[in-house]
Amino acid sequence: MRLPVALALVIGVIGAVITYLYVGPLGGLGLMVPATFIGAASYFAAGGDRAALTRSVPANVWGIVCGTVTLILLGLATSPIVVGVIVGGLTAVFILGALVPALGFVPGSVFGFATTVMFGLLTGASGTDFALPTGPFTVMLISFLVGGAFGYVSSVLAGKLVAKPAATAAPEAAAAS
């Protein structure tokens, strides 16, 4: 089986299960399907291997932390100019996090930051709310951690479905016989 087909099957099935869990039995937790898929995409964008988890997850968490701080500060904002300065300033902070090697995967930080701020702005949630299902930090953190695991498990399972090339005799051995 070709890799895109294997990934489509595995990610489709796991995505269906996660969605069912998030809107069904785990619905009260407020976990976000899009954030989980973005967490999985972040894993693949970071390389799609075991080492990708160590690049993607810390960067996602860093972005979520910076997004949460942004929401806290936005709660104090009194004008659109101040809102812009806060968002711009915290964007610079999460990008500067890349100076720390563990936070060097900037796209992962962007994913965490953007989804956390989006969640807070669209729901009116406070950055100081850490409860499930209403706290931006907690909802995004769990959703992204599940997403990283989702990506990793998907890559392992898809790898098992991909056809391995048939072993061929070395040209020298074939010529000698």
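**Close-up views of helix packing in a predicted model**

**View 1. Helix α2 passes helix α3 in a right-handed crossing.** The model shown here and in the other views is predicted. Helix α2 spans residues 33-45, and its axis comes within 8 Å of the axis of α3, the two crossing at roughly 130°. That angle makes α2 oblique to α3. On the α2 side the contact involves Gly39, Ser42 and Tyr43, which meet Arg50, Ala52, Leu53, Ser56 and Asn60 of α3. By class, the residues of this contact divide into 3 nonpolar, 4 polar and 1 charged.

**View 2. Helix α3 (residues 50-74) packs with helix α6 (residues 136-161).** The angle between them is about 165°, and their axes lie 10 Å apart. α3 is therefore roughly antiparallel to α6, since angles over 145 degrees count as such. The crossing of α3 and α6 is right-handed. From α3, the contact is made by Arg50, Leu53, Val57, Asn60, Val61, Ile64, Val65, Thr68 and Leu71. Their partners in α6 are Pro136, Phe137, Met140, Leu141, Phe144, Leu145, Gly148 and Tyr152. The contact of α3 with α6 comprises 13 nonpolar, 3 polar and 1 charged residues.

View 3. Thr115 has a relative accessible area of 8% and is buried, because the cut-off for buried is under 20%. A polar atom of the Thr115 side chain lies 3.3 Å from the backbone oxygen of Gly112. Leaving aside residues up to four places away in sequence, Thr115 touches Ile38, Met140 and Phe144. Met140 and Phe144 also belong to the α6 side of the contact with α3.

Conventions
Residues numbered from 1 in each chain as written. Predicted model: local features only at pLDDT ≥ 70, side-chain atom pairs only at ≥ 80, totals over all residues. Heavy atoms only, no water. Axes fitted to C-alpha atoms, helices over the stretch in contact; angles between N-to-C directions. Helix = DSSP H or I, 4+ residues; strand = E, 2+ residues; numbered from the N terminus. Parallel < 35°, antiparallel > 145°, perpendicular 65-115°, else oblique. Left-handed = near helix turned anticlockwise from the far one by under 90°. Contact = heavy atoms within 4.5 Å. Nonpolar A, V, L, I, M, F, W, Y, C, P; charged D, E, K, R; others polar. Buried < 20%, exposed > 50% of the residue type's maximum accessible area, 1.4 Å probe, protein only. Polar contact = N/O pair within 3.5 Å; in protein donor to acceptor, adjacent residues only side chain to side chain.
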